[in-house]
Amino acid sequence: IADLYWDMMFIPDKHLFWSRTATTAGRALVERWKPDLLYSSGPPHSGHIVARHLAAACGAPWVAELRDEWAGNPYGVQNWLRTIIERRMERRTLHDATALVAVTRTTQRTLDQLHGKPVALSMNGYDPVDFDGLETVTPLDPDKLTIVHAGSIYIGKRDPSSLFAATARLGALASRVNLLFYGEQADSLASLARHYGVEASVTISPPITRREVLEIERRADVLLLCRWNDPAEDGIIPGKLFEYIGARRPILVIGSETGEAAEIVREGQFGLVSNDPDRLAAQLRGWIEAKAQTPRLEDVPIISGRDYTRAGQFDALDSFLARTLA
């Protein structure tokens, strides 16, 4: 009952009451100055509610960017009554937007069907500047295959179960693999490692700074992307994927083998997509063999014809805005 109460009190999100203060402050601002464009980005989707009020107050065009879907988000609160309310709130709010922006093709199609407005695709991306000074690095471990994951783990959804199962299949070769996790789920990961009998191959560390993450990613042999093995994941592209592409290290995608993230890795030949422990074990053996010939696996060339940099994605968005608002 308590969970239901809080779920129903804060719709669309916990910033609901902040939006009233923000709207008041925004109206005072647009009384003195009219912007050429209002651009809101969410979640939190309360920002779109603020932008709607301000656009009505000053008459400027308004573009709403949905970095995750609003109602029906598989990682949002799962409550059928809340979903109905949120869907109505979404329709009412975005009805007044001039145009919309999505970060995945799936969301782009959904928004087009729901709202019938121009919808731009502007994905997340990476900034090459983030890797300045990291062009040449020393390997994390010249003797062991190092596979790195930094960020959140969702046990039962986005977790390394299939990789742990594959590592267990290596037998004695498992001693030549080090699975490194940087984050806050130490107890859950340790329990999962014990379940598969691979504790000796797993190292769990607390969160580190972003600059440290980037350096470790460049020094690692392989970068791990955990996805939820569920059709709901098909339309989700973790921002971490673009960071991995920028790091130019082989990418190992586990969990779901379908969807947009998997397509990007396959299309760009950035690494392997699989949730089959036997196939994963075979790939690990191949990497271990390659590792015996070099202290660090070779960088992955970026040969895809698609531009995954942030600048490239912003260029596409700029062109869309110029056409739509002309």
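We go through the sheets, the helices and the pocket in turn.

Q: Before we start, what kind of model is this?
A: It is a predicted model.

Q: How many bridges pair strand 6 with strand 7?
A: Strand 6, residues 177-182, pairs with strand 7 over 4 bridges, in the parallel sense. Within that pair, Phe 181 stands opposite Ile 204 of strand 7.

Q: Now the open sheet of 4 strands: what's its order?
A: That sheet runs 1-2-3-4, with parallel pairing. Strand 1 (38-42) and strand 4 (119-121) are at the edges with a single partner strand each, so one side of each has no neighbour in the sheet. Here the twist averages 20° from one strand to the next.

Q: Which residue is the bridge partner of Val 63 in strand 3?
A: Ala 99. Strand 2 (residues 62-66) and strand 3 (residues 99-102) run parallel and are joined by 4 bridges.

Q: Where does helix 3 lie?
A: Helix 3, residues 46-58, lies across strand 1 and strand 2, at about 170° to strand 1.

Q: Switching to helix packing: at what angle do helix 6 and helix 7 cross?
A: Roughly 35°, with the axes of helix 6 (residues 161-168) and helix 7 (residues 186-196) coming within 9 Å. The crossing is right-handed.

Q: Which residues meet there?
A: From helix 6, Ser 161, Phe 164, Ala 165 and Ala 168 meet Leu 189, Leu 192, Ala 193 and Tyr 196 of helix 7. By class, that contact has 7 nonpolar, 1 polar and no charged residues.

Q: Last topic: how much space is in the largest pocket?
A: About 670 Å³. Its lining has 30 residues, and Asp 68, Arg 158, Ile 236, Ile 237 and Pro 238 lie nearest the centre.

Q: What's the lining like by class?
A: The lining of the largest pocket has 15 nonpolar, 10 polar and 5 charged residues. Strand 5 (145-150), strand 8 (222-226) and helix 9 (239-247) each supply at least two residues of that lining.

Notes
Residues are numbered from 1 along each chain as its sequence is written. This is a predicted model: local features need pLDDT of at least 70, side-chain atom pairs count only at pLDDT 80 or more; totals for chains, interfaces and linings use all residues. Side-chain values use heavy atoms; hydrogens and water are left out. On a 1 Å grid over the protein atoms alone, a cavity is a set of points where a 1.4 Å probe fits but cannot get out, and a pocket is an open set with protein on both sides within 12 Å along at least five of seven lines; lining residues have an atom within 4 Å of a point. Grid points are joined across faces, edges and corners, and a volume is the space filled by probe spheres set on the points. Ala, Val, Leu, Ile, Met, Phe, Trp, Tyr, Cys and Pro count as nonpolar, Asp, Glu, Lys and Arg as charged, and the others, Gly among them, as polar. Two strands pair if DSSP finds at least two bridges between them. Axes are lines fitted to C-alpha atoms, for helices over the stretch in contact, and angles run from 0 to 180 degrees between N-to-C directions. A crossing is left-handed if the near helix is turned anticlockwise from the far one by less than a right angle, and right-handed if clockwise. Contact means heavy atoms within 4.5 Å.
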